[in-house]
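The sequence and the model are shown first, and a description by region follows.

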Amino acid sequence: MKKKASPLGRSLATRAIHGSKLHAFKGPVSTPIYQTSTYRFDSSDDAVRYAQGDSNVMVYTRYHNPTTAEAEERLALMMNAEKALLFGSGMAAITSAVLSVVKTGDEIISTPALYGGTYRFFRDILPRHGVEVRYMNPERPESIIDLVSPGTRLIYFETPTNPTLNVVDIKALVAATQRAERKVVRKIVTMVDNTFASCLNQNPFAFGVDVIVESGTKYLGGHSDLLAGVVAGSKEFIKGVHTQLKYYGGSADPFMSYLLYRSLKTFELRVERQNENAMALAKFLEKHPNVNRVLYPGLSSHPQHRIAKRQMVDAGGNGYGGMVTIEVKGGVKKAVRVCDSLRVAVNAMSLGGVETLVSIPVYSSHINMTDDELRNHGVTPGMIRISVGVEGIDDLKSDFAQALR
Ligand SMILES: Cc1ncc(COP(=O)(O)O)c(C=O)c1O
(Lines give C-alpha, C1' and ligand atoms only; values in the text may rest on other atoms or scores of the structure.)
Protein backbone atom coordinates (compact mmCIF):
# COMPACT_ATOMS: atom_id res chain seq x y z
CA MET A 1 0.00 0.00 0.00
CA LYS A 2 1.27 3.45 -0.90
CA LYS A 3 2.14 5.48 2.19
CA LYS A 4 0.11 8.71 2.42
CA ALA A 5 2.41 11.74 2.52
CA SER A 6 1.84 13.94 5.55
CA PRO A 7 0.66 17.40 4.47
CA LEU A 8 2.91 18.82 7.19
CA GLY A 9 5.97 17.49 5.32
CA ARG A 10 5.11 19.80 2.42
CA SER A 11 6.05 23.45 2.10
CA LEU A 12 3.83 26.13 3.60
CA ALA A 13 2.72 27.30 0.13
CA THR A 14 1.75 23.73 -0.90
CA ARG A 15 -0.24 23.26 2.31
CA ALA A 16 -1.97 26.62 1.78
CA ILE A 17 -2.85 25.87 -1.85
CA HIS A 18 -3.81 22.18 -1.67
CA GLY A 19 -4.76 21.57 1.96
CA SER A 20 -4.65 17.89 2.88
CA LYS A 21 -6.65 16.63 -0.08
CA LEU A 22 -3.99 16.44 -2.80
CA HIS A 23 -5.75 14.77 -5.80
CA ALA A 24 -8.32 13.40 -3.39
CA PHE A 25 -11.49 13.98 -5.36
CA LYS A 26 -12.83 15.17 -8.70
CA GLY A 27 -14.79 18.38 -8.83
CA PRO A 28 -14.18 22.10 -8.51
CA VAL A 29 -10.60 23.24 -8.02
CA SER A 30 -11.87 26.08 -5.86
CA THR A 31 -14.17 25.47 -2.91
CA PRO A 32 -17.87 26.32 -3.31
CA ILE A 33 -19.32 29.04 -1.10
CA TYR A 34 -22.01 27.52 1.10
CA GLN A 35 -23.85 30.81 1.55
CA THR A 36 -26.47 29.40 3.86
CA SER A 37 -27.51 29.96 7.45
CA THR A 38 -29.01 26.49 7.90
CA TYR A 39 -29.01 22.92 6.48
CA ARG A 40 -31.85 20.70 5.28
CA PHE A 41 -32.16 17.44 7.25
CA ASP A 42 -32.79 14.22 5.30
CA SER A 43 -35.28 13.39 8.01
CA SER A 44 -35.75 14.16 11.68
CA ASP A 45 -33.35 11.29 12.38
CA ASP A 46 -30.60 13.82 11.58
CA ALA A 47 -31.96 16.17 14.25
CA VAL A 48 -32.00 13.30 16.73
CA ARG A 49 -28.42 12.32 15.85
CA TYR A 50 -27.36 15.96 16.30
CA ALA A 51 -29.15 16.16 19.65
CA GLN A 52 -27.28 13.01 20.68
CA GLY A 53 -23.96 14.72 19.96
CA ASP A 54 -23.08 13.58 16.40
CA SER A 55 -20.92 16.49 15.20
CA ASN A 56 -21.09 15.28 11.56
CA VAL A 57 -24.69 16.47 11.24
CA MET A 58 -24.73 19.96 9.71
CA VAL A 59 -27.21 22.16 11.54
CA TYR A 60 -26.56 25.90 11.53
CA THR A 61 -23.82 28.17 10.20
CA ARG A 62 -23.11 29.80 13.56
CA TYR A 63 -21.87 26.33 14.60
CA HIS A 64 -20.18 25.13 11.40
CA ASN A 65 -20.07 25.68 7.64
CA PRO A 66 -18.28 23.66 4.90
CA THR A 67 -16.56 26.70 3.34
CA THR A 68 -15.38 27.84 6.77
CA ALA A 69 -14.20 24.29 7.55
CA GLU A 70 -12.14 24.28 4.33
CA ALA A 71 -10.39 27.52 5.34
CA GLU A 72 -9.88 26.22 8.90
CA GLU A 73 -8.25 23.03 7.66
CA ARG A 74 -5.73 25.02 5.63
CA LEU A 75 -5.05 27.43 8.48
CA ALA A 76 -4.31 24.52 10.83
CA LEU A 77 -1.91 23.00 8.29
CA MET A 78 -0.17 26.33 7.72
CA MET A 79 0.11 27.13 11.42
CA ASN A 80 1.28 23.62 12.43
CA ALA A 81 -1.73 23.25 14.71
CA GLU A 82 -3.92 20.25 15.43
CA LYS A 83 -6.91 22.46 14.81
CA ALA A 84 -7.83 26.03 13.89
CA LEU A 85 -11.09 27.89 14.38
CA LEU A 86 -12.12 30.82 12.23
CA PHE A 87 -13.97 33.85 13.64
CA GLY A 88 -15.60 36.99 12.24
CA SER A 89 -12.73 39.20 13.48
CA GLY A 90 -9.43 39.05 15.33
CA MET A 91 -11.07 40.49 18.45
CA ALA A 92 -13.78 37.80 18.36
CA ALA A 93 -11.01 35.18 18.22
CA ILE A 94 -8.98 36.76 21.03
CA THR A 95 -11.89 37.38 23.40
CA SER A 96 -13.36 33.90 22.83
CA ALA A 97 -9.98 32.20 23.33
CA VAL A 98 -9.29 34.17 26.53
CA LEU A 99 -12.80 33.58 27.91
CA SER A 100 -12.44 29.86 27.27
CA VAL A 101 -9.59 29.88 29.81
CA VAL A 102 -10.58 32.33 32.56
CA LYS A 103 -13.57 32.69 34.87
CA THR A 104 -14.40 34.95 37.83
CA GLY A 105 -11.57 35.06 40.36
CA ASP A 106 -8.88 34.04 37.86
CA GLU A 107 -5.84 36.06 36.83
CA ILE A 108 -3.97 36.68 33.60
CA ILE A 109 -0.33 37.73 33.34
CA SER A 110 0.34 39.72 30.17
CA THR A 111 3.04 41.76 28.52
CA PRO A 112 2.04 45.46 28.70
CA ALA A 113 2.58 46.31 25.03
CA LEU A 114 -0.46 44.89 23.27
CA TYR A 115 -2.77 45.75 20.41
CA GLY A 116 -4.93 48.56 21.85
CA GLY A 117 -8.19 46.60 21.45
CA THR A 118 -6.83 43.65 23.44
CA TYR A 119 -5.40 45.97 26.08
CA ARG A 120 -8.73 47.79 26.48
CA PHE A 121 -10.58 44.43 26.69
CA PHE A 122 -8.22 43.50 29.53
CA ARG A 123 -8.55 46.93 31.18
CA ASP A 124 -12.28 47.70 30.73
CA ILE A 125 -14.16 44.42 30.20
CA LEU A 126 -12.41 41.60 32.08
CA PRO A 127 -12.57 43.31 35.52
CA ARG A 128 -16.38 43.35 35.11
CA HIS A 129 -16.18 39.55 34.90
CA GLY A 130 -13.98 39.49 38.02
CA VAL A 131 -10.80 38.67 36.09
CA GLU A 132 -7.63 40.60 36.93
CA VAL A 133 -4.75 41.21 34.52
CA ARG A 134 -1.24 41.79 35.86
CA TYR A 135 1.54 43.09 33.66
CA MET A 136 5.01 41.55 33.52
CA ASN A 137 8.28 43.04 32.36
CA PRO A 138 8.68 41.61 28.82
CA GLU A 139 12.45 41.97 29.03
CA ARG A 140 12.48 39.77 32.15
CA PRO A 141 10.28 36.72 31.39
CA GLU A 142 11.24 35.31 34.80
CA SER A 143 9.16 38.14 36.34
CA ILE A 144 6.23 35.72 35.73
CA ILE A 145 7.49 33.63 38.65
CA ASP A 146 7.13 36.58 41.07
CA LEU A 147 3.72 37.58 39.70
CA VAL A 148 2.12 34.13 39.52
CA SER A 149 -0.60 33.26 42.04
CA PRO A 150 -2.83 30.20 42.54
CA GLY A 151 -5.44 32.06 40.43
CA THR A 152 -3.18 32.52 37.37
CA ARG A 153 -4.61 30.64 34.39
CA LEU A 154 -3.15 32.41 31.37
CA ILE A 155 0.07 34.04 30.15
CA TYR A 156 -0.80 36.30 27.20
CA PHE A 157 1.65 38.13 24.94
CA GLU A 158 2.38 39.57 21.51
CA THR A 159 5.64 39.50 19.60
CA PRO A 160 6.56 41.62 17.74
CA THR A 161 4.31 44.08 19.53
CA ASN A 162 1.95 46.61 17.99
CA PRO A 163 3.16 49.30 17.19
CA THR A 164 6.57 49.41 18.89
CA LEU A 165 7.85 46.14 17.38
CA ASN A 166 9.39 44.97 20.62
CA VAL A 167 10.36 41.33 20.59
CA VAL A 168 9.54 38.97 23.45
CA ASP A 169 11.82 35.93 23.92
CA ILE A 170 9.24 33.15 23.42
CA LYS A 171 11.50 30.31 24.60
CA ALA A 172 12.40 32.16 27.81
CA LEU A 173 8.75 33.06 28.43
CA VAL A 174 7.64 29.42 28.04
CA ALA A 175 10.47 28.27 30.36
CA ALA A 176 9.45 30.86 32.99
CA THR A 177 5.82 29.73 32.69
CA GLN A 178 6.89 26.12 33.31
CA ARG A 179 8.72 27.21 36.46
CA ALA A 180 5.66 29.18 37.54
CA GLU A 181 3.50 26.07 36.96
CA ARG A 182 5.75 24.10 39.29
CA LYS A 183 5.40 26.87 41.89
CA VAL A 184 1.58 26.89 41.86
CA VAL A 185 1.25 23.19 40.89
CA ARG A 186 -1.19 23.69 38.05
CA LYS A 187 -1.29 24.13 34.29
CA ILE A 188 -1.05 27.70 32.98
CA VAL A 189 -2.00 28.28 29.33
CA THR A 190 0.40 30.31 27.15
CA MET A 191 -1.28 32.29 24.36
CA VAL A 192 0.39 34.52 21.77
CA ASP A 193 -1.01 36.97 19.25
CA ASN A 194 1.05 36.11 16.15
CA THR A 195 -0.59 38.71 13.87
CA PHE A 196 2.51 40.83 13.21
CA ALA A 197 4.89 37.96 12.41
CA SER A 198 2.39 35.53 10.81
CA CYS A 199 3.14 31.83 10.38
CA LEU A 200 5.60 32.47 7.53
CA ASN A 201 8.02 34.23 9.88
CA GLN A 202 7.40 32.72 13.30
CA ASN A 203 6.10 29.41 14.65
CA PRO A 204 5.44 29.88 18.39
CA PHE A 205 4.31 26.22 18.72
CA ALA A 206 7.93 25.18 18.05
CA PHE A 207 8.85 26.92 21.32
CA GLY A 208 6.11 25.24 23.34
CA VAL A 209 3.37 27.90 23.22
CA ASP A 210 -0.11 26.34 23.70
CA VAL A 211 -2.36 28.65 21.68
CA ILE A 212 -1.96 31.10 18.79
CA VAL A 213 -4.52 33.84 18.19
CA GLU A 214 -4.32 35.99 15.10
CA SER A 215 -6.22 38.69 13.28
CA GLY A 216 -6.92 37.09 9.88
CA THR A 217 -7.89 40.57 8.70
CA LYS A 218 -4.17 41.29 8.29
CA TYR A 219 -1.56 39.07 6.55
CA LEU A 220 -3.79 36.01 6.14
CA GLY A 221 -6.49 38.04 4.36
CA GLY A 222 -3.90 40.33 2.84
CA HIS A 223 -6.11 42.52 0.64
CA SER A 224 -7.80 44.92 3.12
CA ASP A 225 -11.19 43.52 2.13
CA LEU A 226 -12.23 41.19 4.95
CA LEU A 227 -12.42 40.83 8.72
CA ALA A 228 -11.37 37.52 10.26
CA GLY A 229 -9.75 35.98 13.32
CA VAL A 230 -8.15 32.62 14.06
CA VAL A 231 -7.49 30.54 17.17
CA ALA A 232 -5.12 27.60 16.70
CA GLY A 233 -4.13 24.92 19.19
CA SER A 234 -4.85 21.38 20.34
CA LYS A 235 -8.14 19.67 19.44
CA GLU A 236 -9.14 19.72 23.09
CA PHE A 237 -8.45 23.43 23.54
CA ILE A 238 -10.29 24.33 20.33
CA LYS A 239 -13.33 22.35 21.51
CA GLY A 240 -13.59 24.71 24.50
CA VAL A 241 -13.16 27.78 22.27
CA HIS A 242 -15.87 26.47 19.93
CA THR A 243 -18.34 26.60 22.82
CA GLN A 244 -17.50 30.30 23.26
CA LEU A 245 -17.92 30.83 19.52
CA LYS A 246 -21.39 29.28 19.61
CA TYR A 247 -22.65 31.44 22.47
CA TYR A 248 -20.81 34.74 21.96
CA GLY A 249 -21.54 34.32 18.26
CA GLY A 250 -18.32 35.60 16.69
CA SER A 251 -18.72 33.15 13.78
CA ALA A 252 -17.15 33.53 10.35
CA ASP A 253 -19.43 34.38 7.45
CA PRO A 254 -19.21 31.85 4.55
CA PHE A 255 -18.32 34.53 1.99
CA MET A 256 -15.51 35.84 4.20
CA SER A 257 -14.30 32.26 4.69
CA TYR A 258 -14.11 31.90 0.91
CA LEU A 259 -12.20 35.17 0.49
CA LEU A 260 -9.77 34.08 3.18
CA TYR A 261 -9.36 30.59 1.67
CA ARG A 262 -8.58 32.30 -1.65
CA SER A 263 -6.07 34.67 -0.02
CA LEU A 264 -4.19 31.82 1.65
CA LYS A 265 -3.11 30.56 -1.78
CA THR A 266 -0.93 33.65 -2.27
CA PHE A 267 -0.03 34.16 1.39
CA GLU A 268 3.60 33.05 1.05
CA LEU A 269 4.21 35.12 -2.11
CA ARG A 270 2.75 38.24 -0.55
CA VAL A 271 4.45 38.00 2.83
CA GLU A 272 7.85 37.16 1.30
CA ARG A 273 7.65 40.37 -0.72
CA GLN A 274 6.42 42.33 2.32
CA ASN A 275 9.41 41.07 4.36
CA GLU A 276 11.78 42.10 1.59
CA ASN A 277 10.21 45.54 1.07
CA ALA A 278 10.03 46.23 4.83
CA MET A 279 13.72 45.47 5.32
CA ALA A 280 14.70 47.71 2.38
CA LEU A 281 12.43 50.57 3.50
CA ALA A 282 13.60 50.32 7.13
CA LYS A 283 17.26 50.59 6.02
CA PHE A 284 16.40 53.55 3.79
CA LEU A 285 14.46 55.40 6.52
CA GLU A 286 17.17 54.74 9.11
CA LYS A 287 19.45 57.08 7.15
CA HIS A 288 16.86 59.84 6.71
CA PRO A 289 17.71 63.09 8.58
CA ASN A 290 14.04 63.77 9.50
CA VAL A 291 13.60 60.41 11.18
CA ASN A 292 14.59 60.05 14.84
CA ARG A 293 14.24 56.29 15.15
CA VAL A 294 13.33 53.30 13.01
CA LEU A 295 11.93 50.29 14.84
CA TYR A 296 12.26 47.08 12.82
CA PRO A 297 13.32 43.72 14.30
CA GLY A 298 15.43 42.95 11.20
CA LEU A 299 17.76 45.93 11.76
CA SER A 300 20.91 45.29 13.79
CA SER A 301 20.11 48.56 15.64
CA HIS A 302 16.90 47.03 17.05
CA PRO A 303 17.40 46.36 20.79
CA GLN A 304 16.13 42.77 20.54
CA HIS A 305 17.49 41.96 17.08
CA ARG A 306 19.38 38.89 18.34
CA ILE A 307 16.25 37.39 19.86
CA ALA A 308 14.25 38.18 16.71
CA LYS A 309 16.91 36.51 14.54
CA ARG A 310 16.97 33.41 16.74
CA GLN A 311 13.21 32.88 17.00
CA MET A 312 12.18 34.08 13.55
CA VAL A 313 14.79 33.65 10.80
CA ASP A 314 17.19 31.09 12.38
CA ALA A 315 14.19 28.99 13.47
CA GLY A 316 13.06 28.65 9.83
CA GLY A 317 11.05 31.85 9.34
CA ASN A 318 11.32 33.74 6.08
CA GLY A 319 11.99 37.22 7.52
CA TYR A 320 11.12 39.83 10.13
CA GLY A 321 7.67 40.80 8.91
CA GLY A 322 6.23 43.74 7.01
CA MET A 323 5.73 46.20 9.88
CA VAL A 324 8.08 49.16 10.37
CA THR A 325 7.54 51.96 12.90
CA ILE A 326 9.31 55.29 12.59
CA GLU A 327 9.45 58.28 14.91
CA VAL A 328 9.67 61.53 12.97
CA LYS A 329 11.34 64.68 14.25
CA GLY A 330 8.78 67.32 15.33
CA GLY A 331 6.20 65.14 17.13
CA VAL A 332 2.61 64.44 16.18
CA LYS A 333 2.15 67.56 14.01
CA LYS A 334 4.99 66.46 11.72
CA ALA A 335 3.72 62.86 11.76
CA VAL A 336 0.34 64.14 10.53
CA ARG A 337 2.00 66.17 7.74
CA VAL A 338 4.05 63.20 6.59
CA CYS A 339 0.98 60.93 6.48
CA ASP A 340 -1.00 63.56 4.56
CA SER A 341 1.83 64.03 2.04
CA LEU A 342 2.26 60.40 1.03
CA ARG A 343 1.03 59.66 -2.48
CA VAL A 344 1.58 55.89 -2.85
CA ALA A 345 1.19 54.76 0.77
CA VAL A 346 -2.39 55.06 2.01
CA ASN A 347 -3.31 56.88 5.22
CA ALA A 348 -5.51 54.19 6.76
CA MET A 349 -5.67 52.03 9.86
CA SER A 350 -5.12 48.27 9.68
CA LEU A 351 -2.17 46.36 8.26
CA GLY A 352 -1.02 43.32 6.32
CA GLY A 353 -2.60 44.23 2.96
CA VAL A 354 -0.85 44.34 -0.40
CA GLU A 355 -1.02 48.14 -0.28
CA THR A 356 1.28 50.10 2.04
CA LEU A 357 -0.74 51.67 4.87
CA VAL A 358 0.35 54.24 7.44
CA SER A 359 -1.25 55.24 10.72
CA ILE A 360 -0.38 57.32 13.75
CA PRO A 361 -0.71 55.09 16.84
CA VAL A 362 -1.82 57.90 19.21
CA TYR A 363 -4.72 58.55 16.82
CA SER A 364 -5.51 54.93 15.96
CA SER A 365 -4.55 51.69 17.76
CA HIS A 366 -3.64 53.58 20.97
CA ILE A 367 -6.46 56.11 21.42
CA ASN A 368 -8.20 56.38 24.76
CA MET A 369 -5.03 55.81 26.80
CA THR A 370 -3.42 57.97 29.48
CA ASP A 371 0.13 59.35 29.10
CA ASP A 372 1.30 56.71 31.59
CA GLU A 373 -0.30 53.93 29.58
CA LEU A 374 1.27 55.23 26.37
CA ARG A 375 4.65 55.33 28.12
CA ASN A 376 4.19 51.72 29.29
CA HIS A 377 3.41 50.71 25.73
CA GLY A 378 6.44 52.67 24.46
CA VAL A 379 4.21 54.76 22.17
CA THR A 380 5.29 58.35 21.40
CA PRO A 381 3.30 61.09 19.56
CA GLY A 382 5.71 61.30 16.61
CA MET A 383 5.35 57.62 15.71
CA ILE A 384 4.08 56.47 12.34
CA ARG A 385 3.32 52.79 11.93
CA ILE A 386 3.97 51.56 8.39
CA SER A 387 2.46 48.34 7.10
CA VAL A 388 4.67 47.77 4.09
CA GLY A 389 2.89 46.38 1.04
CA VAL A 390 4.08 44.65 -2.13
CA GLU A 391 4.49 47.75 -4.36
CA GLY A 392 7.76 48.48 -6.16
CA ILE A 393 10.33 49.34 -3.50
CA ASP A 394 11.69 52.33 -5.46
CA ASP A 395 8.19 53.85 -5.56
CA LEU A 396 7.91 53.43 -1.79
CA LYS A 397 11.33 54.93 -1.09
CA SER A 398 10.66 58.00 -3.25
CA ASP A 399 7.18 58.41 -1.76
CA PHE A 400 8.55 58.49 1.81
CA ALA A 401 11.46 60.70 0.73
CA GLN A 402 9.12 63.36 -0.71
CA ALA A 403 6.70 63.18 2.25
CA LEU A 404 9.50 63.49 4.82
CA ARG A 405 10.90 66.48 2.93
C1 LIG B 1 -1.91 42.64 16.70
C2 LIG B 1 -3.40 42.70 16.50
N3 LIG B 1 -4.16 41.79 17.11
C4 LIG B 1 -5.50 41.81 16.98
C5 LIG B 1 -6.13 42.77 16.23
C6 LIG B 1 -7.64 42.76 16.12
O7 LIG B 1 -8.03 42.23 14.91
P8 LIG B 1 -9.41 42.60 14.17
O9 LIG B 1 -9.35 44.05 13.80
O10 LIG B 1 -9.44 41.65 13.00
O11 LIG B 1 -10.50 42.33 15.14
C12 LIG B 1 -5.38 43.73 15.58
C13 LIG B 1 -6.04 44.79 14.79
O14 LIG B 1 -5.44 45.72 14.34
C15 LIG B 1 -3.97 43.69 15.73
O16 LIG B 1 -3.19 44.61 15.15
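## Burial and the residue T161

A residue counts as buried when its relative accessible area is under 20%, as exposed when that area is over 50%, and as partly exposed in between. The structure described here is a predicted model. In this model T161 has a relative accessible area of 2%, and it is therefore buried.

T161 is located in the loop between β4 and α7, the latter spanning residues 170-184. Leaving aside residues up to four places away in sequence, T161 touches A113, N166 and F196. The side chain of T161 also makes a polar contact of 3.0 Å with the side chain of T164. The C-alpha atoms of T161 and A197 are separated by 9.4 Å, and these two residues stand 36 residues apart along the chain.

## The sheet of seven strands

An open sheet is built from 7 strands in the order β1-β7-β6-β5-β4-β2-β3, and its pairing is mixed. The edge strands are β1 (83-87) and β3, each of which pairs on one side only. From one strand to the next, the twist averages 20 degrees. Within this sheet, strand β5 (residues 189-193) and strand β6 (residues 211-215) run parallel and are joined by 3 bridges. D193 has V213 of β6 as its bridge partner.

Helix α3 (residues 66-78) packs on this sheet, where it touches β1 and β7 (229-233). The direction of α3 makes about 130 degrees with that of β1. Helix α5 lies across β2, β3 and β4 (152-158), and runs at about 125 degrees to β3.

## The surroundings of the ligand

Which residues are closest to the ligand? They are G90, M91, D193, S215 and T217, from a total of 14 residues that surround the ligand.

A polar backbone atom of G90 is 2.9 Å from an oxygen atom of the ligand. In the side chain of D193, an N or O atom is 2.6 Å from a nitrogen atom of the ligand. T217 places a polar side-chain atom 2.6 Å from an oxygen atom of the ligand.

Strand β10 pairs with strand β11 (residues 357-359) in the parallel sense over 2 bridges. In this pairing, L357 of β11 is the bridge partner of V346.

## Salt bridges

The model contains 15 salt bridges. One of them joins the side chains of R134 and E107, with an N to O distance of 3.2 Å. R134 belongs to strand β3 (residues 132-135) and E107 to strand β2 (residues 107-110), so this pair ties together parts that are 27 residues apart in sequence. R134 is partly exposed at 26% relative accessibility, whereas E107 is buried at 12%.

How does R123 take part in salt bridges, and which residues does it meet? The side chain of R123 meets that of D124 at 2.7 Å, N to O, and that of E373 at 3.1 Å, N to O. R123 lies in helix α5 (residues 116-125) and E373 in helix α13 (residues 371-377), so the latter pair ties together parts that are 250 residues apart in sequence. R123 is partly exposed, with a relative accessible area of 26%, and D124 is also partly exposed, at 33%. E373, by contrast, is buried, with a relative accessible area of 12%. Elsewhere, a network of salt bridges links D46, R49 and D54.

Key. Residues numbered from 1 in each chain as written. Predicted model: local features only at pLDDT ≥ 70, side-chain atom pairs only at ≥ 80, totals over all residues. Heavy atoms only, no water. Salt bridge = Lys/Arg side-chain N within 4 Å of Asp/Glu carboxyl O. Helix = DSSP H or I, 4+ residues; strand = E, 2+ residues; numbered from the N terminus. Buried < 20%, exposed > 50% of the residue type's maximum accessible area, 1.4 Å probe, protein only. Pairing = 2+ DSSP bridges. Near = heavy atom within 4 Å. Polar contact = N/O pair within 3.5 Å; in protein donor to acceptor, adjacent residues only side chain to side chain. Axes fitted to C-alpha atoms, helices over the stretch in contact; angles between N-to-C directions. Contact = heavy atoms within 4.5 Å.
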